[in-house]
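Thanks, everyone, for making the time.

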Amino acid sequence: MKVIAINGSPKEKGNTFTAIDAVFGELRNEGIECEIIHVGDKAVRGCIGCGQCRKNRDGKCALKDDGVNGWIERMRVADGLLLGSPVYFSAIAGTMKCFLDRAFYVAGSNGGLFRHKVGASVVADRRAGGVAAFDQLNHYVTYAEMFMPGSCYWNVAFGGAAGEALQDEEGMQAMRVLGRNMAWLLRTKESGSLALPEAEKKAYFSYIR
Ligand SMILES: Cc1cc2nc3c(=O)[nH]c(=O)nc-3n(C[C@H](O)[C@H](O)[C@H](O)COP(=O)(O)O)c2cc1C
């Protein structure tokens, strides 16, 4: 059983990492393997809307000159996904958005590659905009039909310089509680005690007549 976290910060060990690591601490306590893909320091261009992923149905983005397809594959085989981003101008960091738009469009256009995984989001900010960025990440989680565990607050950790988030007692508690709830959901799903919900073929309604 494995959870993959996406670190959307350019900093490998910044506050986004601190938040992810607090969630991972609880997951590891439950024997769940954890791995981080560090996307935020890579050169990732945005989706160009070419629609090739929808046409080719090969589970891949047509832009092949970066690591995106490899990361999508690692996410596809994971049991759980944790999206993490620093807050930039009350939103997620640009590189993270470039990656998520491509990964989740590929996933959605190829039969729902992330459907029914356990998924959650965390963000780190210095002062404000955390909830807006948290909501932004959750749009990917919910669109992909993932099961999302909650916490005792919204998953925002406060800190400016790298590691300062450790001093945000309440934020760190939210991460730990998220980790335990995520582990419970992963284990419950693994037990197979309930059949997964039936998937529906996606409806597509255009307002243009
Ligand atoms: C370009 C840029 C924009 C930022 N915008 C915000 C913001 O809107 N709100 C905020 O509270 N912090 C903002 N920050 C601060 C970061 O969110 C904060 O330092 C965060 O902890 C960084 O996480 P990291 O260490 O994982 O990179 C910004 C930082 C940068 C570099």
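Let me begin with Tyr-153, which is partly exposed at a relative accessible area of 48%, where partly exposed is the range between buried, under 20%, and exposed, over 50%, computed with a 1.4 Å probe and the protein chains only. Before going further, please keep in mind that this is a predicted model, in which local features need pLDDT of at least 70 and side-chain atom pairs count only at pLDDT 80 or more, while totals for chains, interfaces and linings use all residues. Residues are numbered from 1 along each chain as its sequence is written, and side-chain values use heavy atoms, with hydrogens and water left out.

The structure holds five aromatic pairs, a pair being two rings of Phe, Tyr or Trp (its six-membered ring) with centres within 6.5 Å, called stacked if the planes are under 30 degrees apart, edge-to-face if over 60, and tilted otherwise. Elsewhere, Phe-104, Phe-114 and Tyr-140 are linked by ring pairs into a cluster.

Now to the ligand. Which residues are the closest to the ligand? Among the 17 that surround it, they are Ser-9, Thr-16, Arg-127, Ala-128 and Gly-159, a residue being counted if one of its heavy atoms lies within 4 Å. By class, this shell has six nonpolar, seven polar and four charged residues, with Gly counted as polar, and with Asp, Glu, Lys and Arg as the charged class.

Turning to individual atoms, the side chain of Ser-9 places an N or O atom 2.6 Å from an oxygen atom of the ligand, and backbone N or O atoms lie 2.8 Å from a ligand oxygen in the case of Asn-15 and 3.1 Å in the case of Gly-160. On its own the ligand has 640 Å² of accessible area, of which the protein covers 76%.

Last, the loop between E3 and strand E4 (91-92) contains Phe-89, and Ser-90 also lies in the loop between E3 and E4; strands here are DSSP runs of at least two residues, numbered from the N terminus. Phi is near 50 degrees, a positive value, in Phe-89, and about 60 degrees, again positive, in Ser-90. Most residues other than glycine have a negative phi. Phe-89 counts as exposed, at 85% relative accessibility, whereas Ser-90 is partly exposed at 40%.

Notes:
A polar contact is a pair of N or O atoms within 3.5 Å; within protein, one must be able to donate a hydrogen and the other to accept it, and residues adjacent in sequence count only if both atoms are side-chain atoms. Accessible areas come from the Shrake-Rupley method with a 1.4 Å probe; for residues, only the protein chains shown count as cover. Helices (H or I, at least four residues) and strands (E, at least two) are DSSP runs, numbered from the N terminus.
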